[in-house]
Amino acid sequence: AGLSALAELDKAGVNAICLEARDRIGGRIFTVHDPACPLPIDLGAEFIHGRPPETWNIVESARLAAYDCTESAARIEDGLIVDRAEAWLPVDEIMSEMEKAAQAGPDRSFRDFLAGTTYADEAKTLATSYVEGFNAAHDDRIGIASLAQDSRAADEIDGDRSFRLISGYDAVPKYLLSRLNSPDASLRLNSVVERLVRRRGGVLVTFRSAVTGIRDTVEAGAAVITVPL
């Protein structure tokens, strides 16, 4: 997220720097290139969800090879693979009913919504694991309104399709970095931001080196705080 913002500012001619706490770029994107494996191993972001233009513009500009992933899921119980594909069918019904409930009534947690339905416990368990796993949120904290909104947004980008990058997902941040005019000057790794103070006409940012522990400051006209979604 920070690297994307930096790339846009750099393209606009703005003198900006990106403070990255990690010792690498990519954030949630973490690709391992193991010579013993014929394909890269994505431990973080592993597939492109649908056809969002923000991502596909980069894929096309960088001429990255992407392939369509067929849906194939395995369910494991007590260390054994369970062939119960039909058990997932009610999950689609639950999600459809959830979207209708979100449109018709007030917002409530996904757990509260499930408690008011008559589906089997197994279907409820699978639906909960799907919601919590895909959205990275506890079922008692994520609301059905946001889930319904996410579903509508997914429909607009062919969200029922998934794609993988042959060269690994880290090809995306690497391309963004390669497009910077002065990457060595505009990107600082191992820089942990500790404090941001507003001042007249700008901000003062204090950050610490994750390697040496030495603190430093930078003054700027504005600060952009990015959060990955």
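F110 and F113 sit 3 residues apart in helix α4 (residues 110–115), so about one helical turn separates them. Helices (H or I, at least four residues) and strands (E, at least two) are DSSP runs, numbered from the N terminus. This is a predicted model, in which local features need pLDDT of at least 70 and side-chain atom pairs count only at pLDDT 80 or more, while totals for chains, interfaces and linings use all residues. Residues are numbered from 1 along each chain as its sequence is written, and side-chain values use heavy atoms, leaving out hydrogens and water.

Both F110 and F113 are buried. Buried means under 20% relative accessible area, exposed over 50%, and partly exposed in between (1.4 Å probe, protein chains only).

The structure holds 3 aromatic pairs. Rings of Phe, Tyr and Trp (its six-membered ring) pair if their centres lie within 6.5 Å; planes under 30 degrees apart count as stacked, over 60 as edge-to-face and the rest as tilted. Two of the pairs, including that of F110 and F113, are listed here.

| Pair | Centre distance | Plane angle | Class |
|---|---|---|---|
| F110 and F113 | 6.0 Å | 40° | tilted |
| Y130 and F134 | 6.0 Å | 20° | stacked |

Y130 and F134 are both in helix α5 (residues 121–135), 4 residues apart, about one turn of the helix. Y130 is partly exposed at 36% relative accessibility, and F134 is partly exposed at 38%.

L3, in helix α1 (residues 2–11), is buried, with a relative accessible area of 10%.
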